[in-house]
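Trainee: I have not worked with this structure before. Could we go through some of its local features together?

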Amino acid sequence: MAHPKFLSPISCMLLVSLFFQSVLAHSDDQKQNPFEFIKHLQGCHKGEKVKGLQELKQYLEKFGYLDYNQSSLPVHAGDDDFDELLESAVKMYQLNHHLKVTGTLDSQTVSTMMMPRCGMADIVNGTSRMRSGKRRSHHRSSNFRTVAHFSFFDGNPKWPPSKYHLTYALSPGTRADVVGPVSRAFNTWASATHFTFSQVQNYAAADIKIAFASRDHGDNAPFDGPSGVIAHAFQPTIGMFHYDADEQWSVGPASGSFDMETVALHEIGHLLGLGHSSVERAIMYPSISPGISKGLDGDDVQGIKTLYGV
Ligand code: ZN
Ligand code: ZN
């Protein structure tokens with residue numbers, strides 16, 4: 001059969017409606033910065049009741065600063081009250097980010113909280129936290145297992161000594177331009193540690209599985225569309241690393257995009273056992289702006305060497 005010269009009226013209507021649906025969906029995504037609500041909370045402090053504080057509580061809980069289940073104080077988890085517990089969570093956030101510890105949502109705190117970031121929590125089950133303030137190496141207490149500025153996951157999970165060679169694979173159909181950035185990131189970690197890495201084709205059998213995913217993607221850690229959380233990776237030996245497919249990604253730093261290699265360096269740090277660092281220049285600092293590229297810092301290298309004792 002020859003190609004039809006004209007589309008039927010019904011296909012035209014379908015096409016037009018599909019076009020408008022995609023335009024609408026696109027503009028919806030564009031305006032939806034999941035951390036935008038924090039902007040409207042600037043100036044808030046204890047004792048106030050402001051719409052949006054409930055969302056802030058969810059944000060602080062998600063990133064490890066707030067646990068209403070473990071508090072003996074009156075519970076305000078589901079409301080907009082700026083209570084005692086929220087103030088202490090804000091202070092902990094400020095401490096961990098080297099901000100002035102005011103307990104108030106001042107402009108510096110708000111702009112730091114609004115930065116795109118990794119989806120992994122800064123404090124895991126309240127048992128570890130990013131080191132802040134002056135460097136006190138080898139500091140340990142019963143509640144905190146943190147050395148210098150870097151941190152580890154709860155229980156210090158790591159790859160066993162015999163497992164120093166790790167294979168990685170990209171999910172079938174993954175954009176081809178991520179291969180270079182990811183392999184460079186693995187090379188950087190290989191040159192700073194006892195680990196070696198190689199890419200394999202068998203996704204199911206690889207130690208580390210890398211994929212682009214959006215929204216809910218089956219690992220209990222849904223992404224949130226453009227901006228907000230941009231990637232995550234899990235502790236040893238889970239070996240999963242996901243980029244948020246709804247972000248703009250680039251090979252190398254580019255305005256308005258996230259550098260795939262820089263983000264891979266950060267997430268590989270998690271795959272090897274590092275938690276977040278309070279050192280802003282460290283690759284394990286939780287937040288990153290678009291257009292930025294970073295390398296490993298002494299803090300990152302010291303962290304991994306401390307974890308593996310090599
Ligand atoms: Zn992270
Ligand atoms: Zn995921």
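**Backbone and zinc site**

Mentor: Let us begin with His 98, which is partly exposed, its relative accessible area being 45%. Please keep in mind that the model is predicted.

Trainee: Where does His 98 lie?

Mentor: His 98 sits in the loop between α3 (84-96) and α4 (107-114). Its phi is positive, about 55°, although His 98 is not a glycine. Most residues other than glycine have a negative phi.

Trainee: And what about the phi of Asn 156?

Mentor: Asn 156 also has a positive value, near 50°, and is a residue other than glycine. It belongs to the loop between β3 (150-151) and β4 (165-170). With a relative accessible area of 23%, Asn 156 is partly exposed.

Trainee: Changing topic, which residues are the protein donors of the zinc ion (ligand 2)?

Mentor: They are His 217 (NE2), Asp 219 (OD), His 232 (NE2) and His 242 (ND1), at 1.9 to 2.0 Å from the ion. The angles among the four donor atoms are 100 to 116°, and the site is tetrahedral.

Trainee: Where in the chain are Asp 219 and His 242?

Mentor: Asp 219 is in the loop between β6 (208-213) and β7 (229-233), while His 242 is in strand β8 (residues 240-244). The two are 23 residues apart, and the pair links distant parts of the chain.

Trainee: Is Asp 219 buried or exposed?

Mentor: Asp 219 counts as buried, because its relative accessibility is 15% and the cut-off is under 20%. His 242 is buried as well, at 7%.

Trainee: Which residues does the cis peptide bond join?

Mentor: It joins Pro 236 and Thr 237, with omega about 0°. Thr 237 lies in the loop between β7 and β8.

Note on methods
Residues are numbered from 1 along each chain as its sequence is written. Chains are lettered from A and ligands numbered from 1 in the order in which they are written. This is a predicted model: local features need pLDDT of at least 70, side-chain atom pairs count only at pLDDT 80 or more; totals for chains, interfaces and linings use all residues. Side-chain values use heavy atoms; hydrogens and water are left out. Donors are N, O and S atoms within 2.8 Å of the metal (3.2 Å for Na, K and Ca); water is not among the atoms, so sites may look incomplete. Four donors count as tetrahedral if all angles lie between 85 and 135 degrees; four count as square planar and six as octahedral if opposite donors are over 155 degrees apart and all others between 65 and 115; anything else is irregular. Helices (H or I, at least four residues) and strands (E, at least two) are DSSP runs, numbered from the N terminus. Buried means under 20% relative accessible area, exposed over 50%, partly exposed in between (1.4 Å probe, protein chains only).
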